[in-house]
Amino acid sequence: MSPVTQAVRPTVAAPAGTARLTSGRAPGFGSHLADFGPIPSLVAEGLLEELRASGLEGRGGAAFPAWRKIEAARARGRSRGRRAVVVGNAAEGEPLSSKDLTLLRMAPHLVIDGLLGVATTLDAGSIHLYGPESALPAVARALAERPDARAIDLRPSAETFVSGEASAVVSALAGRRPVPQDRTVRLTEAGLNGRPTLVHNVETLAQIALIARFGAAWFRSVGTATDPGTRLVTVSGDVASPGVLEIAGGTRIGDLLGFAGADTAALSAVLVGGYHGAWVPAAGFSANLAREQLAPFGAAVGAGILMALDARRCPLTLASSIAGYLAGETAGQCGPCVNGLPAMAEVLHRLARGDRNAGLPAEVRRLAELVTGRGSCHHPDGTARFVLSTLTVFAEDVAAHLGGRCAKDHS
Amino acid sequence: MTARPAANARLLLHIDWTACDGRGLCTEILPELLGRDEWGYPIAPGHGSDVPVPDRLAPAAEEAVALCPRLALSLRRRD
Amino acid sequence: MNEALWALGRGTGVVALALFTVSVLLGILTRSGRPLLGLPRFSVALVHRNVSILATVFIAIHLLTLLGDSFAQLRVIDFFVPFLGAVKPVWLGLGTVAVDLLVAVMVTSLLRRYVGRRVFRAVHWLTYAMWPFALAHSIGNGTDASQSWFIAFAAACSAAVIAAVGWRLTRGFVEYQGIRQAAAPDRPVRARRNP
């Protein structure tokens, strides 16, 4: 077998440092070609091998190996003779995330390259790009700039928390309500209209476009062995300059917060992974943003979302408001979620508001356990994870509330 | 109700929560496997949407699948 | 022979109406998710199904016996296309409509695993049209309609179904309804609210 990286012959110098997806000077097609070089011809086996070697994982939250999903859809399409559907997913229902929107505005052509490369690899029958209304004009402009992208169907996503869940995306594309479906087979086996369907996050697709150009070895030259390459993160909360950053995989959390202008000494914790994520307390800021180091906190990188919390703000008040929001974002389909999330949010709300009933934390835990795993998507699980993490990481604040002595800011 | 229904069970009872309306028939047919939560929806302690079915309960599970008024249940062989 | 067929046709019609009434009551009870005294929910559902099948068998006998009756002058087409009958075409037509609806409801019920939950439910709603059609047909066509026992029987059936439908429309009809969130499975997608 030839070495994996042999097929890749970049004509433009590969981006050095951690600015890769964000290294382009302008979003236009001309600038794109000048900055990143011509559209890569690497497809099919070559692309799959390169992706496998790169270790790229999905950037939408689930962190599934990117090549494996493509391979699964390809195998299915071949055995059934049904042409695959490829979907670029930019629906960030998560209010704390704006990396996909930022990416589509800064480098839409990388996303389109990735989409087309994967579509060619799968010999796809249809290609869709699904994203928020606000992102579509930039993408439409980009599509109009190049002749090879006419087949891409641009679809606006719903502004709901669960709209970006893969089966909800497929529902939306089929013209149904954008809510998750009960699934017993994978979308890569039978998705849109029963066709093998590959739903990749747009950042994953942009990374694929770079790997197709510069190769797996280049991709792995930044980041760690378990989290190679760069990733986009959205930093928000109590930091001086919130926004989207491109960082090396496995960057220390403390450093990352520093990049966003945070005074880490003034923070009590950072929420990692968004509203479905978990808190990493200040004592854990030396941990790297990587799977094995986040695991002790019950957290995962997810879609690269961090929200910093100032030590003077009451975490229970904030968590109660988030839990209430998440309860309202239930798609309304599954009984345990429809009923359990509002009940759990209500008990947390009572605790945050100063109800000193000592049984409240146990009741929150009971409800969290009750809803976990009992939905057709992970909305109840993620909400329970967030709420449980709040009780664990902020145990002192819980005690202060029950003792009637929380002196933090409750606004 | 057994705490851990047959870890080596070959059948899984899948609950489609988008269809389930908590009518309670399955919990009557499979009391050893399923209880009801406080809103009436089926619950198998320690399991979410896929509940392992011990072989001796397979006929009852099939009956539950056939009688669910919402067609929310299905039986699958464990991979 | 003709007399015997006629009696059988009348009798099976009356029994079928009684069975349909029981089936509607049990169907409404099934929808509520509640057991019946000592009878568990799955038994209620099974009895509902079996009574419906039995009623359908009675209707089949009702049709076949009256096909052989010279007075009714029925043709096979009258079983399926309403209001073409030679005798009392309107009252007979109501029965035909009820049979059409019955066929649709029974087929989608027995094949509900194949037609899916939505089709099954939508068609099952037609029962609420089928039952009054059947009742009206029995009153308008029935030889016994003026007999006091039949009037009492029809009144009892009507009272039972009206009471059950009235219960069906009350809040708290469904078990656990009072403690469940009102969010229906088809709640519209909400606009984003940010904490």
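B:Asp37 and A:Arg374 form a salt bridge, with the closest N and O atoms 3.0 Å apart; the term covers a side-chain nitrogen of Lys or Arg within 4 Å of a carboxyl oxygen of Asp or Glu. Two salt bridges are counted between chain A and chain B. This is a predicted model, in which local features need pLDDT of at least 70, side-chain atom pairs count only at pLDDT 80 or more, and totals for chains, interfaces and linings use all residues. Residues are numbered from 1 along each chain as its sequence is written, chains are lettered from A in the order in which they are written, and side-chain values use heavy atoms, without hydrogens and water.

**Interface of chains A and B**

- About 1300 Å² is buried between chain A and chain B, 59% of it on carbon and sulfur atoms (accessible area, 1.4 Å probe, lost on putting two parts together, summed over both).
- On the chain A side, A:Asp182, A:Thr184 and A:Arg374 lose the most area to chain B, together 40% of what that side buries.
- Chain A gives 18 residues to the contact and chain B gives 14 (heavy atoms within 4.5 Å).

**Helix pair in chain A**

- Helices α11 (residues 315–328) and α14 (residues 379–393) of chain A pack at about 170 degrees, their axes 10 Å apart (helices are DSSP runs of H or I, at least four residues; axes are lines fitted to C-alpha atoms over the stretch in contact, and angles run from 0 to 180 degrees between N-to-C directions).
- α11(A) and α14(A) are therefore roughly antiparallel (angles over 145 degrees).
- Residues of α11(A) including A:Leu316 and A:Ile322 meet residues of α14(A) including A:Phe386 and A:Val387.

Definitions and conventions. Helices (H or I, at least four residues) and strands (E, at least two) are DSSP runs, numbered from the N terminus. Angles under 35 degrees count as roughly parallel, over 145 as roughly antiparallel, 65 to 115 as roughly perpendicular and the rest as oblique.
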